[in-house]
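Thanks, everyone. I'll keep this short. Please have the model open while I talk.

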Amino acid sequence: MSSFRPSARYLLPLLVLLPAVSDAHVLDVDLSKLSRTDILWTYLQLGFTHILPLGLDHILFVLSIFFLEPRLKPVLWQATAFTVAHSITLGFAMYGIIAPPTAIVEPVIALSILFVAIENIFADRLNPWRVAIVFGFGLIHGLGFASALTGLGLPRTMFFESLISFNVGVELGQVSVILLAWLLVGRWFSNKIWYKQRVVIPASVVIGLVAAYWTVERVFFT
């Protein structure tokens, strides 16, 4: 039985179309006219939509950490480390303690996806230090979240509450991606002897190519 191999005719549309999707948010409401509950709900939605459907780079990172070990417990541990890390740098950036240079942050985010995709191809199992790696990359992704959120700002009277609400929305988006991937792939195929060759490697190759394309684009053409 032949193994699945990604075809170039499917990769090219991915490479062209994925970066074209904007991850910018537009807040078309007057926060001063909203109740505290409505403000929290607004930022929860912003956090969620920053992952689904707008955060294609973050989606690919989450999928990258999923494919190597698709059991829910290990991948959720990694997702939690990622969330804690990006919450730290996002909070620092929004509070004005650090100023993320977008010209550096965005290419590094793409490189983080490429790194994990390459690791998936060559690793035989989930290494214990993977959580630490994901945490480190989460710090960088948090600066990317800050770039998107800075243009909107946070209400001064509800700064921390809105920030937490945004992060909860991001986490819900990440968990949704993980659960969907598990329902479509992990539940049915993770125990198959061909899972590595037919799922992990082809998926990681596609993700790696997209990440490499983004890296070049963000370094030289942005």
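This is a predicted model: local features need pLDDT of at least 70, side-chain atom pairs count only at pLDDT 80 or more; totals for chains, interfaces and linings use all residues.

Start with the helices. H5 covers residues 102–122, and H8 covers residues 195–220. Their axes come within 8 Å and cross at roughly 160 degrees. Angles over 145 degrees count as roughly antiparallel. H5 and H8 are therefore roughly antiparallel to each other. Their crossing is left-handed. What is in the contact of H5 with H8, by class? There are 17 nonpolar, 4 polar and 3 charged residues.

Now the charges. The count comes to 5 salt bridges. I'll take some of them.

Look at Arg218 in helix H8. Arg218 meets Glu106 in a salt bridge, 3.4 Å from N to O. Glu106 sits in helix H5, so this pair ties together parts that are 112 residues apart in sequence.

Arg218 also forms a salt bridge with Asp57, with the closest N and O atoms 3.5 Å apart. Asp57 lies in helix H3, residues 56–68, so here the tied parts are 161 residues apart in sequence. Put together, Asp57, Glu106 and Arg218 are linked in a network of salt bridges.

Arg218 has a relative accessible area of 16%. Glu106 is buried too, with a relative accessible area of 16%.

One more pair. Glu69 and Arg71 meet through their side chains in a salt bridge, 3.1 Å from N to O. Glu69 is buried, at 17% relative accessible area. Arg71 is exposed, at 52%.

That's my tour. Over to you.

Definitions and conventions: Residues are numbered from 1 along each chain as its sequence is written. Side-chain values use heavy atoms; hydrogens and water are left out. Axes are lines fitted to C-alpha atoms, for helices over the stretch in contact, and angles run from 0 to 180 degrees between N-to-C directions. Helices (H or I, at least four residues) and strands (E, at least two) are DSSP runs, numbered from the N terminus. Angles under 35 degrees count as roughly parallel, over 145 as roughly antiparallel, 65 to 115 as roughly perpendicular and the rest as oblique. A crossing is left-handed if the near helix is turned anticlockwise from the far one by less than a right angle, and right-handed if clockwise. Ala, Val, Leu, Ile, Met, Phe, Trp, Tyr, Cys and Pro count as nonpolar, Asp, Glu, Lys and Arg as charged, and the others, Gly among them, as polar. A salt bridge is a side-chain nitrogen of Lys or Arg within 4 Å of a carboxyl oxygen of Asp or Glu. Buried means under 20% relative accessible area, exposed over 50%, partly exposed in between (1.4 Å probe, protein chains only).
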